[in-house]
Amino acid sequence: MSEQSRRDLAQLLLPVIRWNADRGFTEARALIDQALQLGVGGFLLAGGEQDGVRALAKELQLKSRHPLLLAAELERGAGQQFAGATGLPPLAAITAMGDIEALRRAARLTAREARTMGVNWNLAPVCDLDLLAENPILGTRAMGNDARKVAQLVQAWIEATQAEGVMACAKHFPGIGRATRDLHREAVSVDTPADQLKELDLHPFRTAISGGVASVMTAHVAYPALDSSRAPATLSRELLQWLLRQQLKFDHLIVADVMTLPGVCEGRAVADACVQALRGGCDVLLAPGDLDTTLDALEKALDDGTLDPERVKQSVRRRLKWAQWVSPPNDWRRPSGADTAWGALLADKVLRIEQGPIPPMAGVTEVALVDDDDDVEGRRPDRTGIVDAMRLAGNDARIVSAPTTASAGPFVIALFADYLPNKGRCTLREDTVAAIRALAAQAEAMHRQVVLVGLGDPRWVQQLAMAVPTVIAWNGDRVMQQAAGRGLLRKR
């Protein structure tokens, strides 16, 4: 095996650089040095502060032998990953406004902020249809359940993103809207008939492809009706080379979702899954496990004929083409003051009031936090956003464990509950429900009105079936917590 072949294979790998709140990117330094030495094709950036990310991106590009793809998952604005950038509401909240121009502006603002940090590939939009309430991983990430409407919205997002010199990514092909298990925890299969999948689930992807989307991300889900081998789409030649390449005529970059997830590597080593993903038709792989181990497996597969040398060369060419496309010498538009001001107000606009009106708050507002997600692993924002926003507006907002005599005004119960990776369920825990009902009973015994705030997909707060004024804030990101706090004080 030649050194050039190993370098070619390395270009198809995009390891993850994770930021740590205490140590920044320090812990990732060894990985960064190793990856650049091997000649990887880019990185997936997870977290960081805006200025630090900008400096890191510049350093990576300068030290690399070839232009890099620097990817991030920015479905909810650049602030979803990077502190100091603008956080936006989830896609479902924006599209619920019925204003496609708002979606375009959100995509444009996200791309401009990403671009100024050196991030040139946004792993969005989600093209999956929100078809099942029991889907544990989709929720407000989806733009809706109507295939034609979602297709129009997908096209708008892609056009706005790529007009700013940032690659968009249609995901998760051929659609995870019908999954009823969490691919972050286990292997998942969707047994829907092929005609339904092709008519509905694939429709947004067809539109994305015809609209020139730069990349498509594969689903770590099996579709027996489309591939009887029951291989996850990420590993399926039938789905990637026949359906996506031949039938749908997609000739741009196919990217495999994170390769360390159980949905794709259950029952096989990560390195073996990487071999099968490239053989199946993927061009580049996110988080491919240990780099040396995976490269050794890929080299062996190239030597023994498991991997077609010509297919590898095609993938190398595609990656380079798009890395060059996002690395032009001219200076792209930076977000204007009007852009960021609009983004800051969007969270307030998407708030929804149900069973209202919201009663006026007292000078002292007591807020009880009930977290249905506190047993789920993963990085999440702190839970003080509501009271911080209310205090900034002059209200003496306090986080309490139960109502007290310090206030005679409405008692606010903030429920944090959403569809999250590794949560693996679609219903509130029994102790969550019991805690909320006990708090409400205590407040009512003190003749205080109860107000609910739902910080997650609206379906979670609806499970409580409580006839009290409710603020739907769509998710638990800090930007939505703060919007909810302002919404409680808004004069109506």
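Modeller: Contact means heavy atoms within 4.5 Å. This is a predicted model, where local features need pLDDT of at least 70, side-chain atom pairs count only at pLDDT 80 or more, and totals for chains, interfaces and linings use all residues. Residues are numbered from 1 along each chain as its sequence is written, and side-chain values use heavy atoms, with hydrogens and water left out.

Biologist: Among contacts between residues at least 6 apart in sequence, what share joins residues at least 24 apart?

Modeller: Take the contacts in the protein between residues at least 6 apart. Then keep those whose residues are at least 24 apart in sequence. The share is 79%.

Biologist: What percentage of the 492 residues is buried?

Modeller: Buried means under 20% relative accessible area, with a 1.4 Å probe and protein chains only; exposed is over 50%, and partly exposed lies in between. By that cut-off, the buried part of the 492 residues is 60%.

Biologist: Which strands stand at the edges of the open sheet of four strands?

Modeller: Strands are DSSP runs of E, at least two residues long, numbered from the N terminus. Two of them pair if DSSP finds at least two bridges between them. The sheet has the order β2-β3-β5-β7, with parallel pairing. One side of each edge strand has no neighbour in the sheet, because each has a single partner strand: these are β2 (16-18) and β7 (121-122).

Biologist: Which residue in β3 is the bridge partner of I17?

Modeller: β2 pairs with β3 (residues 42-46) in the parallel sense, over three bridges. In β3, the partner of I17 is L45.
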